[in-house]
Number of protein chains: 2
Amino acid sequence: MSKALEFFFFIGSTYSHLSVHRAEAHARAAGVDLVWRPFSVRTLMREQDNSPFAGKPVKMRYMWRDLERRAARFGVPFEGIPPYPIDPDERANRVATLAAVEGWCPAFARAAYRCWFLDKQDPGSPNALRTVLEGLGQSAERCLAAADADAVRSEYRAQTDRARGLGVFGSPTFVAGRELFWGDDRLDDALDWVCDTDAH
Amino acid sequence: MSKALEFFFFIGSTYSHLSVHRAEAHARAAGVDLVWRPFSVRTLMREQDNSPFAGKPVKMRYMWRDLERRAARFGVPFEGIPPYPIDPDERANRVATLAAVEGWCPAFARAAYRCWFLDKQDPGSPNALRTVLEGLGQSAERCLAAADADAVRSEYRAQTDRARGLGVFGSPTFVAGRELFWGDDRLDDALDWVCDTDAH
């Protein structure tokens, strides 16, 4: 039986940059299927009054420096601080939801983060999204229309509801059954948990 | 020339339980001197409007579970959720400051965390503190009096001021020169940084 780990993430989460680029290779090396789950961490943070960086300049400054160092440690590209926050309409996240349904989410998420962190654009803006989608061979018009339609909005809301029910409060969060691992820095713990799962 | 890493911590920080028990052995194995720096993270958190768990029950629930798992991973004792928050007068932290000046801070910090996490008592209460201090062969009356006197209060404030100046916002924080590493989960990054320091 193949082992699986859910990867809840939000395009707009800074540390998710690391996971989007490195989690799949680590999971594959551990023999674990990574299941990509775009969700609205912003909704949960608002509900839980949990704002990690807004109004906290000292912590925010540290976060960018730490992210830069962690990126170097893992060989993930980082070329200076990108725009922040992004995707006010959560459009990039809804396209990611469409992509998850259709099976091209990993490639889309990586391209969206490259657009954000390397090209320094907001991947939620329609123009940037068009470029990203066309680079993947997807029809931008079809994807933008689908991301605005009820089916995708409903699926995005459903995954956000699932995350809430599981006790998620941040992005990225790795979920094995009902066991949560928050943060890119818990990826190894999560994979170890999945692989040792017979012991639990 | 010996290499050093400053270890800013606050008795009352939950994740510092891990570092208090494991950081010294890791530092020693890396050939690094760990310099114990008790400070008032509570003062900085108040100033920075940065309250990680108060009013955030979902995140708090996760924290205890994650701490339990991390403790198991590292072989650090954990026997259920201890009282929280503790040390309202920061008395245990001021005794730690005295201990740092006099050279017995590591033993005191470990004993204070055992009192908190294993005996489930507030190590800041005078009675619990007396037991901890006597167990270390220290005169409880002398230490409690010294912890209330100006010299120790002033040193505690000075280390808190230094932490503020360095950009510290949480406990534990490892500091190498002006480079900060926040969280027990950044201990390896911090030690690697110190050991690679010639490259920087």
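Two strands are taken to pair if DSSP finds at least two bridges between them. In the predicted model described here, strand β1 (residues 3-9) of chain B meets that criterion with β2(B), to which 7 bridges join it, and the two strands run parallel. Within this pair, F7(B) stands opposite W36(B) of β2(B). Helix α8 (residues 150-166) of chain B packs on the sheet, where it touches β1, β2, β3 (173-176) and β4 of chain B. The direction of α8(B) makes about 110° with that of β2(B).

The sheet of chain B is open and has 4 strands in the order β2-β1-β3-β4, with mixed pairing. Its edge strands are β2 (32-38) and β4 (179-182) of chain B, each of which pairs on one side only. Neighbouring strands are turned against each other by 25° on average, direction ignored.

In chain A, an open sheet of 4 strands likewise has the order β2-β1-β3-β4 and mixed pairing. Strands β2 (32-38) and β4 (179-182) of chain A have a single partner strand each and stand at the edges, so one side of each lacks a neighbour in the sheet. From one strand to the next, the twist averages 25°. Strand β3 (residues 173-176) of chain A pairs with β4(A) in the antiparallel sense over 4 bridges, and T173(A) stands opposite W182(A) of β4(A). Helix α1 (residues 16-29) of chain A lies across β1 (3-9) and β2 of chain A, and runs at about 170° to β1(A).

Helix packing was examined in chain B. The axes of α1 (residues 16-29) and α3 (residues 57-74) of chain B come within 10 Å and cross at roughly 10°. Because angles under 35 degrees count as roughly parallel, α1(B) is roughly parallel to α3(B). On the α1(B) side, the contact involves H17(B), L18(B) and R22(B), which meet L67(B), R70(B), A71(B) and F74(B) in α3(B). By class, the residues of this contact divide into 4 nonpolar, 1 polar and 2 charged.

The interface between the chains was considered next. In total, 17 residues of chain A are in contact with 17 residues of chain B. Helix α3 (57-74) and strand β4 of chain A each supply at least two residues of the side that touches chain B. The most is given by α3(A), with 6 residues. The side of chain A that touches chain B has 5 nonpolar, 4 polar and 8 charged residues.

Chain A is superposed on chain B by a rotation of 180° with 0.0 Å of shift along its axis (RMSD 0.0 Å). This is the relation of a two-fold axis. The C-alpha of chain A nearest the axis belongs to D185(A), 3.7 Å from it. Of the interface residues of chain A, 100% are also interface residues in chain B, so the copies meet through the same surface.

One residue with contacts in both chains is N50(B), placed in the loop between α2 (41-47) and α3 of chain B. Leaving aside neighbours within four places in sequence, N50(B) is in contact with K56(A) and K59(A), and with M45(B) and F169(B). The C-alpha atoms of N50(B) and F169(B) are separated by 7.8 Å, although the two residues are 119 residues apart along the chain.

Terms used. Residues numbered from 1 in each chain as written. Chains lettered and ligands numbered in written order. Predicted model: local features only at pLDDT ≥ 70, side-chain atom pairs only at ≥ 80, totals over all residues. Axes fitted to C-alpha atoms, helices over the stretch in contact; angles between N-to-C directions. Parallel < 35°, antiparallel > 145°, perpendicular 65-115°, else oblique. Contact = placed C-beta atoms within 7 Å. Nonpolar A, V, L, I, M, F, W, Y, C, P; charged D, E, K, R; others polar. Least-squares fit on C-alpha atoms with pLDDT ≥ 70 in both.
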